2 protein chains.
Amino acid sequence: MRAAVQPLVVNVGVIGPGKVGAAFLRQMQQAAPRLLRECHLELRLRAVSDSRHMWLDCDDEALNGRVGGAQTWRPVVLDEFAAYVAGHHGSAAVLADCTASDSVADHYAGWLGAGIHVVTPNKRAASGCLDRWKAIARASDASGARLHYEGTVGAGLPVVQTLRDLIDTGDELLAVEGMLSGTLAWLFNRFDGSRPFSALVREAHALGYTEPDPRDDLSGMDVARKLVILAREAGVGLSLGDVAVESLVPRELEGLGRDDFMEALPAMDAPMAALLARARAEGGVLRHVARLDNAGASVGVQVLDGGHAFAHGQLTDNVVRFATRRYCDNALVVQGPGAGPEVTAAAVFTDLLRVAGAMGVKRCAC
Amino acid sequence: MRAAVQPLVVNVGVIGPGKVGAAFLRQMQQAAPRLLRECHLELRLRAVSDSRHMWLDCDDEALNGRVGGAQTWRPVVLDEFAAYVAGHHGSAAVLADCTASDSVADHYAGWLGAGIHVVTPNKRAASGCLDRWKAIARASDASGARLHYEGTVGAGLPVVQTLRDLIDTGDELLAVEGMLSGTLAWLFNRFDGSRPFSALVREAHALGYTEPDPRDDLSGMDVARKLVILAREAGVGLSLGDVAVESLVPRELEGLGRDDFMEALPAMDAPMAALLARARAEGGVLRHVARLDNAGASVGVQVLDGGHAFAHGQLTDNVVRFATRRYCDNALVVQGPGAGPEVTAAAVFTDLLRVAGAMGVKRCAC
């Protein structure tokens with residue numbers, strides 16, 4: 001008979017109990033018994049913070065997403081929050097940043113330097129200022145604490161880790177091509193000329209597929225951030241300003257208030273109809289594509305051959321296509337829903353399990 | 001200034017220096033300097049073994065694939081080989097089984113029990129006898145040593161780990177559907193009625209796309225093994241005998257010698273032509289599909305809708321489609337070349353890096 005294995009305790013703090021954070025808390029709670037039983041991993045939620053409060057000493061109620069109640073709660077001071085999570089007995093402390101905040105990303109280097117791991121779908125650090133990114137790398141390198149961010153590209157799809165594995169095993173990235181916005185994929189999959197483009201944008205907006213201000217999708221900047229993240233993962237020290245981003249928003253609509261913009265949407269219709277006509281004349285389809293190769297990084301509408309992998313996307317699917325030295329004739333393709341609280345939270349959870357894996361937690365079926 | 005980090009030494013033994021083993025040795029040698037510099041990981045090749053010899057104290061020459069020369073070499077005794085690799089100073093010993101041998105898999109439980117990790121694209125253990133598989137699990141559980149086998153399904157494509165992450169984060173597998181044989185994918189992508197099926201099999205054979213005896217592909221057993229591996233990863237204790245495998249080899253050709261079989265190939269043409277006619281009458285395409293769901297596990301030819309993800313496969317691509325509770329409307333799809341020495345070796349290498357990761361080796365871009 002084997003001796004009982006002492007579980008490895010990982011203390012977790014969640015920043016941003018919004019849709020993604022709440023889904024993450026739920027997933028952790030649901031998976032915790034199996035992880036304890038089969039992987040000898042004990043996940044302990046120690047604290048949750050939103051932009052103004054923090055809840056310490058969370059119990060199962062908090063894990064249920066019903067934060068508050070009898071727990072302590074205080075105006076948030078993020079470093080104090082981090083120190084609280086790290087102050088518990090355990091093998092590791094992990095902060096899950098479920099915000100999209102640049103100011104939370106400002107704390108990463110300090111936390112990592114103090115040995116606190118960070119897992120996040122927040123794109124700000126990995127696509128933001130290179131100096132901050134390098135400071136984060138130095139802090140992580142010095143302490144051994146990890147920053148994982150699988151959820152920044154394609155949400156729960158295996159994209160960042162796949163690229164990491166290709167690079168670490170010595171493969172060479174020739175090009176990465178992606179449809180990295182579910183919203184834009186949906187718009188271009190539907191745009192067949194039967195309805196003006198503005199009507200599709202309005203429909204997507206009404207269905208909640210777009211950001212509250214659809215320009216946040218149509219500008220292509222969110223896609224450009226994802227491309228920067230993939231470039232850095234492949235060792236190319238790109239910044240957002242290095243990406244040639246072709247916004248779909250006509251210049252004259254950029255400065256409008258949101259309501260006025262929604263009103264003025266039909267100004268997009270003529271240029272988009274012209275693009276579609278051109279694509280059809282060439283026998284191809286229109287798609288919004290991010291591309292990184294030797295020639296640089298670009299984001300915008302492209303005319304693709306009808307046989308291209310991106311021509312057959314489903315609904316709001318993301319698609320990422322890695323062309324490498326080993327995958328040169330045919331690319332390695334990952335495809336599927338690339339947004340939504342559940343799959344984004346699953347990416348954060350996967351990152352958390354990678355941290356636990358690095359502490360020796362065993363995750364095999366055998 | 002930070003102190004110099006002591007590299008983590010991993011001692012590696014390679015069993016089976018064939019095409020995959022040689023590619024793995026080459027990849028390790030090429031990536032080693034970067035891994036040492038950036039990840040503080042020192043990979044040390046200690047020994048290589050084929051079915052009759054072993055080379056101990058390998059130097060760089062051996063890493064070049066030019067094993068032999070001045071090194072010791074002796075008739076192979078696998079456990080002695082394993083003990084030799086594990087006998088070196090280091091943080092971990094890893095054996096890379098690059099064979100397709102069932103008798104090598106018989107040693108896994110012993111090696112894992114002794115704390116020696118195993119990485120392999122060999123399908124025998126993970127798809128073979130359940131009792132042996134459970135003994136392997138117990139040994140791994142007791143010592144903490146890992147068995148990784150990403151290369152068993154889809155070669156270097158992220159399939160096994162992706163399923164592992166879905167399950168560990170609490171997702172629920174509803175169905176997995178795959179085109180898991182590059183050979184069969186190629187045959188059905190090309191089979192349009194313009195040439196008899198036997199002519200395509202002969203062409204694939206001549207191009208080296210099939211096994212030396214094409215029945216090893218056409219029988220569907222190799223695909224069934226992969227399906228068993230995915231099922232077990234998802235917690236379903238399946239055995240090969242539980243898979244409903246519909247062989248493409250007509251019963252009367254099963255017992256023939258290889259040359260006689262190649263001669264008698266046209267006996268496949270009439271049934272295959274009938275299948276194609278049926279698919280066309282239904283407006284669909286013919287594909288060789290492996291499927292696991294609540295109804296069970298099956299492998300065989302199916303008629304698929306022209307809009308199905310598998311209808312657009314490229315050349316010899318593998319495709320795996322995970323339908324889960326979280327990925328229910330649209331599945332998570334991984335696609336790309338799923339065979340070949342380079343990508344298979346890359347899977348073994350990725351597994352090796354996962355072992356190193358569990359020892360604390362840091363693998364992040366930041």
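How many residue pairs are in polar contact across the interface of domain 1 of chain A and domain 2 of chain A? The rule finds eight, with both residues of a pair at pLDDT 80 or more; a polar contact here is a pair of N or O atoms within 3.5 Å, where within protein one must be able to donate a hydrogen and the other to accept it, and residues adjacent in sequence count only if both atoms are side-chain atoms.

A few notes for every view: this is a predicted model, in which local features need pLDDT of at least 70, side-chain atom pairs count only at pLDDT 80 or more, and totals for chains, interfaces and linings use all residues. Residues are numbered from 1 along each chain as its sequence is written, chains are lettered from A and ligands numbered from 1 in the order written, and side-chain values use heavy atoms, leaving out hydrogens and water.

**View 1. Where the two domains of chain A meet.** Chain A splits into domain 1 (8-156 + 343-358) and domain 2 (160-337), with bounds from an automatic or database domain assignment. Their centres, taken over C-alpha atoms, sit 30 Å apart. On the domain 1 side 16 residues are in contact (heavy atoms within 4.5 Å) with 17 residues of domain 2. Together the two domains bury about 1400 Å², 56% of it on carbon and sulfur atoms; that is accessible area (1.4 Å probe) lost on putting the two parts together, summed over both. In domain 1, A:Lys123, A:Ser127 and A:Val153 lose the most area to domain 2, together 37% of what that side buries.

**View 2. The salt bridge of A:Lys123.** The side chain of A:Lys123 pairs up with that of A:Asp222 at 3.4 Å, N to O. To count, a side-chain nitrogen of Lys or Arg has to be within 4 Å of a carboxyl oxygen of Asp or Glu. The tally between the two domains of chain A is one salt bridge.

**View 3. A:Val14 and its neighbours.** A:Val14 is found in strand E1 (residues 8-15) of chain A; strands are DSSP runs of E, at least two residues, numbered from the N terminus. A:Val14 counts as buried because its relative accessible area is 0%, and the cut-off is under 20% (1.4 Å probe, protein chains only). Leaving out residues up to four places away in sequence, A:Val14 touches residues including A:Phe24, A:Leu45, A:Phe81 and A:Cys98. A:Arg46 is 32 residues from A:Val14 in sequence, yet 8.4 Å away in space, C-alpha to C-alpha.

Terms used. Helix = DSSP H or I, 4+ residues; strand = E, 2+ residues; numbered from the N terminus. Buried < 20%, exposed > 50% of the residue type's maximum accessible area, 1.4 Å probe, protein only.
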